[in-house]
Amino acid sequence: MATKTATLPKKKGKKKFVPSIVAFACNWCSYAGADTAGTNRVQYSPHFRVIRTMCSGRVTPGMVLKAFKLGADGVLVSGCHFGDCHYIFGNYKAVEQFDKTKGLVRTLGLEDGRIRLEWVSAAEGDRWGQVIDEFVDQITKLGPSPLNPQPKFEE
Amino acid sequence: MDAGRHPNIEVLTNSELVRLDGRAGEFSATVKRHPRYVDPDLCTGCGLCVEQCPTVVPNEFEVGMGARKAIYSPFAQAVPNTHIIDREHCLNGDFLVCSNCAESCDRDAINFDDRGDEIELDVGSVVVATGFDVYNASAISSYGYTLFDNVLTNMEMERILNATGPTRGHIIRPSDHEVPKKIAFVQCVGSRGEGKEKGCAYCSRFCCMNAVKDCMLVKQHEPEINELLVYYIDLRAAGKGFEEFYQRSLDMEELKYVRGRPSKILEDPETKDLIIYVEDGETGKVSRTRVNMVVLSTGAVAAESNRPLADILGIDLDENAFFRANGKMGSPLETSKDGIYVCGCAAGINDVSDSVAQASGAAAEAEKHVAKFRIEEKPREIKELDSSGPPRVGVFLCNCGINIAGVLDVEAMAEFAKTIPDVAHVEVNTFLCADEGQRQIQEKIVEHKLNRVVAAACTPRTHEPIFRESCQQAGLNQYLFEMVNVRDQCSWVHTNVPELATRKAIDLIKMSVARSRHLKPLYENSIPIDQSALVVGGGVAGMSAALQLDAQGIKVTLIEKEGRLGGRLNDLTRVYPADLSASELSVNMQQRIESGRVEIMLSTEVEAITGFVGNFEVATNNGQIKTGTIVVATGADVYTPGSEFGHGRFANVITNQELENILHSTRGTLEIKGQKPKTVVFIQCVGSRDPETNPGCSRFCCPTTIKQAINLRKNGVDVAVLHRDMRTVGDRAEEHYRHARELGVKFLRYTPERKPQVVGVDRRAEKVELMELALERKLEINVDFVVLAAGMVPNEESSASIHDILKIPRAGDGFFMERHAKLGPVETTTEGVFLAGCVGGPRDISDSIAQGAATAAKAITIVSRDTVALDPTTCEVEQSLCRACGQCVEICQYHAPSLVDVAPGMKAAKINQALCKGCGTCASWCPTGAISALHFTDDQIDSMMEALLTGGA
């Protein structure tokens, strides 16, 4: 179960980096899974903000790039498991889109680890918490995005 | 939840039927409503009372493994979502005066003086769906349930595996709360037994798959568990996709299936481990195995309430006390009284998808008696407010009792919201979803001329419809409402970091206000529909669908490619388990169809279908048909064996189907190809459970073989059945299996690695050789005939053509895929198109009849209206930007986009709103940005990111 809030060891005199993460969640599986996490009172990191779309296939490379351009440190795209997609094959299209996104993110000089594609079902509240914790951890370790004009630090 | 929300469904929970008078079409039902002591209209389900209640009792929903208070909500998704007081344990009584709950309730919802009441209902029909009881495992004393701590039932295991269950999904054993390293599942506890001590004679059908599923889940939950044992007699993975699931479980190293029924289970008093004594069904060796935990796969028994309920309803029960259909012409939905129908496990043992199909079927039967009273939905006349002009956003924040306000600083959120540009009004409410909160929203919309409403509360997935409805009633277009999830995805999951959670909530509000500025009013279009139905296929499922549709006055056309109705029924002799004559059943159904208003088109095949729900155009070789909805009931084929088991080489190696034809044509004299046989050997699983031909289990062949074996045996023939598992899961099939054994039919097991060999000379098979598993020796049986139990495969030709025409996806086994394996067994991803019978997978006759009725019920929900409302959150093409590349046409699974002529020689994409589901994938794919996904447009999404990341509004 996801319980711990992702943290980096606190260094003396240095403020801890707080990542800005945009998480796109599809309405039918991942967003519902995040609600299930709530019903189950799963505790996980608050350092992300969800944007709901109807399907993970709706998320364009442009949206992800826009997030980075505006200063996001990481972007998560989450949809239904294969075979579970409410729209049959939308998540397969999400994979294709994500592959394109990956190439573009590299071209921008960003690390691969700043983007992530995940499948979380409506029942997988725990998993949603885990995915968020892991991703927050990963981005915290990577540090602020070079495109982020004003990285946030703990006050 | 859907039923609870439905405007035409009144749910009476905590209530009981006490009397039923009258007859079909005009019943009068007396319902006793037991006191709840909590007014569901006032209770918001906030749970403050639960915290204050001092009484703790075992929680029934957790099978006693968790605790609840005397005031409680039965379980998380309970409808109505309200609390109830268990007065037996409540400390407010004649001598006790606790009223903590009443004191803690802000809404005065608690009433200790509630006495319940009785109400009279005028109803046309009754559906019995009262389910089953779980077999009481402590009745089998040799398994030690309740005596030994670490012997659990499958029901308890289900709760343990559940993430919301008593252990939060952690697998621990009761005695020491340690993770058990080795778990054994014991099958057939209370099922397939003999005598009272061993439980019921029938097979409970679901327990095998339940154990397989649990084993898979156990491993996912606790990788530490290193050994899983399943003790079983026959592994009955007989349902769509079940065999494939079971085969996947065989890849798990930790999981071992052991054939054998344990004779006893003892506990090691020191370690609390358990020792299982079992005779291995394959080797005959008796073994003792030590495990850390045992799960008993308890079966189902008829609910105890069946008998009193049957008395009230005045209907018969079968020998097992189920409301079994009376067998009249094979319909599993009928009871012994007209107007009363039954579905699910009240009727007998059924799994989820069959229960769901039966439920729809029972609804169709029930509707027959009330079809003339169909309710017309009145369109609402509300003048819509002018929402144009600069945005004036109203932000409403909900405390949700302490659910939100207990963690988040709602006042600070409200203060922040006031500083966001365009926000014209901010308000905090204790329960925004309660009537009062809704009224506030409506009043403020008018008072402050709000043209956008943002609510920061629970989750749009449950409450958006309620808020939208309120906005619409106040005259604000419902698509100008936006919801912020600050409970399920914020206060509940960041409880320990309230400051960070509040900051997150403020960000989310900012994002939603930004998005709300870009929202546009959307309007539901409705299109007129053709109020008729087309049934493709005149077999038993198709005829059942046509009969039900006709009974409700729907115009039906039934098309059949052959020259007569009946389908496979025409090839059968007698139909188990009711022992009906197949031809009588077929003729009966045909006569009922012919005497009705169904238009029958024989020798007719579908050539092309265009259009969409409500408006299909179907081209056939006999002309064009217009229809609102389509039921596909084109059946399946029986597998034609190749050269396996000497088929084709030896004239006396035949299939089940050929034997059926012979039984049919010789009228029981059994002269197979000129001679009366002395010995017949059946070989099961030919073209089933075989990755080469058909990976799935065909489900019907085991009962068919039993039926034929009994028939032969009664005529003095020696019969042996060579099988892998006898899967007699259908209605009374297990009892028939037992009867066959009593008659002296021999059952011998083979494994796929060592298949039986059919040996013969010239064109005649003389003997069957088989490795006897227990004795490890070769067995030879001299035979006159070998009967191959050929499975069911999709009809390649018709399935391929329907797939091409209707675009219904096909599963790995080639059968059509339903919308949802459990919850939508007769629906497809194409709206208005339904599946009945074997076209979706192997099924027996009664399941096919139930499915036919189910498709009728589904079809009627569409064609009983004269228009169909279209969800406006679809995709839209700006044709001036479109360069007609056709990519959207290619990727859409619903065929919503098509290229149309916009000017001479110029094409552009157009999206059919009736087909579009609004996923927005085409919008993300469109290279020129010509497509926008309404309500999820690029600028709506961008505005959220801008608000979040640039700090701007």
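# Helices, strands and contacts

Visitor: At what angle do helix α8 (residues 352–368) of chain B and helix α20 (residues 845–863) of chain B cross?
Guide: Helices (H or I, at least four residues) and strands (E, at least two) are taken here as DSSP runs, numbered from the N terminus. Axes are lines fitted to C-alpha atoms, for helices over the stretch in contact, and angles between N-to-C directions run from 0 to 180 degrees. The axes of α8(B) and α20(B) come within 7 Å, and they cross at roughly 60 degrees.

Visitor: What pLDDT do local features need in this model?
Guide: Residues are numbered from 1 along each chain as its sequence is written, while chains are lettered from A and ligands numbered from 1 in the order in which they are written. The model is predicted, with totals for chains, interfaces and linings using all residues and side-chain atom pairs counting only at pLDDT 80 or more, whereas local features need a pLDDT of at least 70.

Visitor: How many residues of the contact of α8(B) with α20(B) are charged?
Guide: Two residues are in contact if their C-beta atoms, placed from the backbone, lie within 7 Å, and the residues involved include B:Asp354 and B:Glu365 of α8(B) as well as B:Asp847 and B:Lys858 of α20(B). Ala, Val, Leu, Ile, Met, Phe, Trp, Tyr, Cys and Pro count as nonpolar, Asp, Glu, Lys and Arg as charged, and the others, Gly among them, as polar. On that basis the contact of α8(B) with α20(B) divides into 9 nonpolar and 4 polar residues, and the number of charged ones is 5.

Visitor: How are helix α5 and helix α6 of chain B oriented to each other?
Guide: α5 (residues 207–221) and α6 (residues 242–250) of chain B have axes 10 Å apart and pack at an angle of about 40 degrees. Angles under 35 degrees count as roughly parallel, over 145 as roughly antiparallel, 65 to 115 as roughly perpendicular and the rest as oblique. The orientation of α5(B) and α6(B) is therefore oblique.

Visitor: In which hand does α5(B) pass α6(B)?
Guide: The contact involves B:Met209, B:Val212, B:Cys215 and B:Met216 of α5(B) and B:Phe242, B:Phe245, B:Tyr246 and B:Ser249 of α6(B), which divide into 7 nonpolar, 1 polar and no charged. A crossing is left-handed if the near helix is turned anticlockwise from the far one by less than a right angle, and right-handed if clockwise. The crossing of α5(B) past α6(B) is left-handed.

Visitor: Which residue in β2(B) is the bridge partner of B:Gly22?
Guide: Strands β1 (residues 15–23) and β2 (residues 26–33) of chain B run antiparallel and are joined by 8 bridges. They form a hairpin with 2 residues between them, and B:Gly25 in the turn has a positive phi of about 95 degrees. Across this pair, B:Gly22 has as its bridge partner B:Phe27.

Visitor: Is B:Phe27 buried or partly exposed?
Guide: A residue is buried if 20 or more other C-beta atoms, placed from the backbone, lie within 10 Å of its own, exposed if 12 or fewer, and partly exposed in between. B:Phe27 touches residues including B:Leu20, B:Val123 and B:Gly339. Because B:Phe27 has 19 C-beta neighbours inside 10 Å, it counts as partly exposed.

Visitor: Near what value is the phi of B:Cys188?
Guide: Most residues other than glycine have a negative phi. B:Cys188 lies in strand β11 (residues 182–189) of chain B and counts as buried because it has 24 C-beta neighbours inside 10 Å. Its phi is positive although the residue is not glycine, with a value near 55 degrees.

Visitor: Which element gives the most to the side of chain A that touches chain B?
Guide: The contact takes 40 residues from chain A and 44 residues from chain B. The chain A side divides into 20 nonpolar, 13 polar and 7 charged residues. With 6 residues, the element that gives the most to this side is α1(A).

How values were computed:
Two strands pair if DSSP finds at least two bridges between them. Lists of a residue's contacts leave out its neighbours within four places in sequence.
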